[in-house]
Amino acid sequence: MSLRLVSHSKILSNIINRKQKFNELSALDMESVIKLASTDIDRQHFFESVLNENTTLLDNDSRKPYWLDNNFEAPDWILNLSESPKHIHWGEVILSDGNKLTDEIHRPLLNTFKTWILATDDPLVNGGKFSKKITVKMKVTLVVSLINAILINGDKIGLAKNHLFSINRDFIMSIINSLASAGSSEGIYRYSSRVKDFIATHCNTITKKEVDIFKKKYPVVMRDIQPEKMLLGLSIEERLRVCCFLKSNGHYSSNLNMNRKLSLLIYSGKIINPSDVSFNALSELQLIVKNPTEFFAVPVSDDTEEFSDRYISRVLSVFRLILASNSNSDTANISDDAFRDINARTVSLNTKVYSAGRYLSLPASLVFSSIKNAFEFCFGYMDDILDSVYNVLDNAPKENKSLSSVDRINGSSIFERWRNVEILKYISPALIDLGVECYTLRGSKVGLNFEDLRANKGLIELHSVLMGAIQVLIGAIMARRIGELISLKPVGNLSHSASIVSNSKKFVDPNSIEGQSLEYKLIFILKKSGSGGDHGENKIIERPIPRAVAGFIFKLERFNQKIADSEIQKEKMSLFNYVNPQRFKLSKCNVYSYNLASDLFCDYFETDCIEYKGSNRRYYIRTHQLRRFFAMVFFWSKGFDGIDVLRHMLGHTDFAHLYHYITESLSGEVLNGVKATYLAEKVLNDDLEDIDKLRKTIANQFGVNKANILFDTVSNVVEDYSDGYDTSPHISKLKKQQELESRIITLLEIKAITFEPEFFTILTRDGETQDFNLVLRVKEHVED
């Protein structure tokens, strides 16, 4: 045996025993070792070692992911999937035979449920990929709902006696159908129905006198409620009686929000962690309405958005993970045939499943007017608002003083005196002239007066409108996701091109004279990107931002830095912060406060209202609507030629996803218009394959001779400009193009032609490259 062969045998042995790394070999040694391994008895171990070296898949313990604090066998689990750990108390579930889920008799069933949850992040059953925590959290939440669906319907399948043996295709279809038609809260838990049963049994003990007293104290119960939100179908009199009973029996917390007592009474012992389940809010039982808007909102999407075909596909994908337990000896197995021929299509045959992405678009005029209003508001009032807020917070009573303590002389609390009297000393004269007269318009019991909002009476509300204005600008002009904007840092979100004026490393204010010569970019964490696993993270990218908007962001950052440098507060901040109306503090941005600022912006500028389901409703702008608006406007103006630039700006990972994202919100008429414009331009520039087939189809459809259908080329177009007018293009050329576009639109509408992109992936040494071809298909009806 040659020395070289002996050397490669030793290398092979070292790799199998993980004493040497395959990736560190030379190309020549790699090739030789692979050839040797292909004939070696230990070739499987070799390839497993190489696989694990690059993926760590085989080192992964499927029963101990990094986010599970406990051992697999523990009766209580702690899942660290977010800032607030999720607890699962397996032993609280009692089956119909009186035994706990954790009792030895039900150990196989328990192990199946546990394995199902862990399978959400097991790369061996997820295509070799580790998921990000947010994705795992979403999957775990869905698995818990499906486990609860099995527990709730346990009697139907004899769960306590047979475990999962009796689960079949019909049972799974019934659960999926329920989800598809009614969602989790109603389809799985039947929450409103169970609350109705509870009400009918317990709420008849309340007297009329108790109701009359309650009515005076909580008049909000008698408010108008959107018809689609009246899940219990209670009259006003019934609402008063039910809410009175619930309040008398401790079903509301001190801040008047409904607590978990009712859901615990209904579901305790029947499902996993009933206190953690998010049920639909029952508007009829609310004693307080948080930050109501002036009008009911025009829905941002169809009421049925949750139950789309894509949603059902995701549910089925997670449901099938239960099969991961079949390879274990200590679990209750389920038949593979239970999922036979179940997909979104078969579900749609049994219940109404809606196409994904049926978003209700914002009117273009509304978005453009909102951009105008936002710019004017920021230019006019931003400096005064930020300066006044800082002065108020810096001089307000400190935390060690009780804001609720009462001044013996004036008879009012420190907070009340400050927000109505003392505050005026620290507000700029410009805002006083504008109308500001108090700290906030929001009281503990009195709702927001929207006429006072538009009269600029509340400082906090003006600050929120300012935040909403900047959010609208970034959303409409940069098309960022809400998660990307919420995660922006207090400072350091901007970069700029190299300064021509100065070599200083100091960041140049976009509002300065020097800043006028620079180009700026926004730095943010790109959501829906990056890698998963224990050290998973999103990509950090930069995208161009208009200098004026960069100037607004810079001012916000300067304000945040000033707050951070002072002793006003120690809490963490983000770029967008909101003044707490009950404390002289800033609160870090979250989805709720972000949308609240957008709502106040819309009410302040009175965005359009429409008649919807019998009531007058207002368009309240949401970030994803602005993002889609950006995509559609870009697509309208650039068509297919700009799709790669659009993909770069939006941060989409592939063309097919982007095309679906754009077109799912476009009407057929608009999309056909874009296609027709593109085709007409290609035809007029003699730059289209199958142009002769298209000519024959137009001739057939419009009853003209094929020879009379002339498609101008660029050289012909030049003649249109020979009359001395410097137009681009000449009006006659526009007329020709308009006529051609009109005919092409007709062909698209009757499906005589189709024009769609076909996407493909090219594998190279440098990785994957995605591209697409635009394919024109013509149905020929005319022969020469």
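## Salt bridges

K457 pairs up with D452 in a salt bridge, with 3.1 Å between the closest N and O atoms; the term covers a side-chain nitrogen of Lys or Arg within 4 Å of a carboxyl oxygen of Asp or Glu. Both ends are partly exposed, K457 at 25% relative accessible area and D452 at 22% (buried is under 20%, exposed over 50%, partly exposed in between, using a 1.4 Å probe and protein chains only). This is a predicted model, where local features need pLDDT of at least 70, side-chain atom pairs count only at pLDDT 80 or more, and totals for chains, interfaces and linings use all residues. Residues are numbered from 1 along each chain as its sequence is written, and side-chain values use heavy atoms, leaving out hydrogens and water.

The structure holds 16 salt bridges. Among them is R480 with E484, at 2.8 Å between the closest N and O atoms; R480 is buried at 0%, and E484 is buried at 0% too. Shared partners also link E294, E451, R454, D603, E606 and R618 into one salt-bridge network.

## Aromatic rings

Searching the whole structure turns up 21 aromatic pairs (Phe, Tyr and Trp rings, the six-membered one for Trp, with centres within 6.5 Å; planes under 30 degrees apart are stacked, over 60 edge-to-face, the rest tilted). F214 and Y218 have ring centres 4.9 Å apart and planes at 40 degrees, so they make a tilted pair. F214 is buried at 6% relative accessibility, and Y218 is buried at 11%.

Elsewhere, F377, Y381, F601, Y604 and F605 make up one aromatic cluster.
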